[in-house]
Amino acid sequence: MIAYLCAIGVIALIYCLLALGLNLQFGLTRLVNFGVVAFFAVGAYTSGLLSLQGVPLALCFVAAGVLSGLLALPIGLLSLRLRDDYLAIVTLGFSEAVRISIQQESWLTKGVQGLPGLPKLFAAWGPVSDVATFATLLALVALVSWGTVRLTRSPFGRLLKAIGDDEAALSALGKDPAWFKVQVFMLGAALAGVAGAFYAHFITFITPEQFIPLITFYVWMGLVMGGAGTVRGAVFGSLLLMVFLEGSRFAKDWVPGVSEVGMASLRLAAVGLALILVTLYRPNGLFGGPSK
Amino acid sequence: MTLLKVEAVTRLFGGFRAVDDVSLQAAEQEILGIAGTNGAGKSTLFAAIAGQQPADAGRITFTGQDITRVPPHRRARMGLVRTFQIPREFKSLTVHENLLAAAANPQGERLVNAFFQTRSLREHEARSGRQGRRHPPVPEPGARARRAGGRPVGRAKKLVEPGPRAHAGPALHPAGRAFRRREPGAHRRDLRPRARACTGAASPSS
């Protein structure tokens, strides 16, 4: 049971990290990134492939963040030329392109077979390695949360919010929104990359099918339910989503007459209903403060 | 001396000519009004001059420099600042932060300085803050416009502003202050006849 809770906890915290990255992009700057999973996948594969070459894990994690961040640079530059709705389409397409590239380029990624047997974090610690991973992730999420709050209150964060509100007005004040947008896009992507590395070395087996757009939309659901633009929204929204997705596994014991398969569908329906109710009654999210 | 010179500026939206071959000039200290019916292209002309919707043809010179291809933020830094017809304040920022966002602070706004703020940057911020506090939030119609409109004053040489400004209350640009000093409270009546007195040749051919 402890092992199960620990596993759920790690996955939940990985979603938190993804949501915190998206929060910088969408929550503050209103950049609609529907390609979260692409940077997650690149992080996971970067770290996974490097670790199989015997590179120390710490270095793999750094490389995952850096490479995902760098990959966001061309997309970020592209986003400068696009209106937000087109950015959503481009990023969604990009994430699929990344997934299919991973699937096809089997000389590098072993294609659909995936990468089995990735080293676990803290493997030397034996039975407590998962607990240690959980603790590390918890510390990282806390650090990123603190950093985001700090960023939000800084002049840099102020401009991000101003870009989210009215880019043209900001340019009329003599500030160039472009570079700020690229920076925040790269920052969010780097966080997703690190989250990917954690995922790869926790699951220890990654295949292209794990990086479908559904992951992106889970992150979005968590962020929107919690409240975009706030740290507590991103964190508690993701945790809540996890409670929904995993908790309903247990609900089948109490709801008679529903098959396992039926329950999986009901689970998604429940998440959808929750999302509708939140948008109707708490448009700023459950933890996003009262709507104005 | 001619401060702003617009020569044969055209702005297209697909096949539609929103601004068609417009030329005008404005001297320093001059107040120039552009009149036209709804949809005549006044706002687009202002957007072309300020750079949000760059001109597709023609030439714009400001203080002797060709700025036709200069991005909007660089034009604003040169002193060519625009306001908007509808107040466009940053809604997720407080009044105080709105004014701070307008202040020039290129060092403090760098990403690294969000985490490693030096004392001089903090002092710069506090100083801007004290200046910002002199603008109290005013809960009356027009306060929103003034909050948004008050921002560009810091470095403005020339304010271009489409649309009626009557709702903004006492105008915040230098000329507006001059009216107020002469005739307190009479700025609304005062602004209109002046705005109509066009000196430039705004000539949309359509």
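What follows is a short chat about a predicted model with chains A and B.

User: Before we start, what should I know about the numbering and the model?
Analyst: Residues are numbered from 1 along each chain as its sequence is written, and chains are lettered from A in the order in which they are written. The model is predicted, so local features need pLDDT of at least 70 and side-chain atom pairs count only at pLDDT 80 or more, while totals for chains, interfaces and linings use all residues; side-chain values use heavy atoms, leaving out hydrogens and water.

User: How many salt bridges go across?
Analyst: The rule finds two across the interface of chain A and chain B. One of them joins the side chains of Glu109(B) and Lys175(A), at 2.8 Å from N to O. The rule wants a side-chain nitrogen of Lys or Arg within 4 Å of a carboxyl oxygen of Asp or Glu.

User: Switching to chain B: how many helices and strands has it got?
Analyst: Chain B has seven helices and six strands. Four strands form an open sheet in the order S2-S1-S3-S4, with antiparallel pairing.

User: Why do S2 and S4 have a side without a neighbour?
Analyst: S2 (16–27) and S4 (65–66) of chain B stand at the edges with a single partner strand each, so one side of each has no neighbour in the sheet. Two strands pair if DSSP finds at least two bridges between them.

User: What about S1 and S3?
Analyst: In chain B, S1 (residues 2–13) and S3 (residues 57–62) run antiparallel and are joined by five bridges. The bridge partner of Lys5(B) in S3(B) is Thr61(B).

User: Last one: is H1 of chain B mostly covered or uncovered?
Analyst: Mostly covered: seven of the nine residues in H1(B) (42–50) are buried, among them Leu45(B), Phe46(B) and Ile49(B). Buried means under 20% relative accessible area (1.4 Å probe, protein chains only), exposed over 50%, and partly exposed in between. Just after H1(B), Gly51(B) takes a positive phi of about 105°.

Methods
Helix = DSSP H or I, 4+ residues; strand = E, 2+ residues; numbered from the N terminus.
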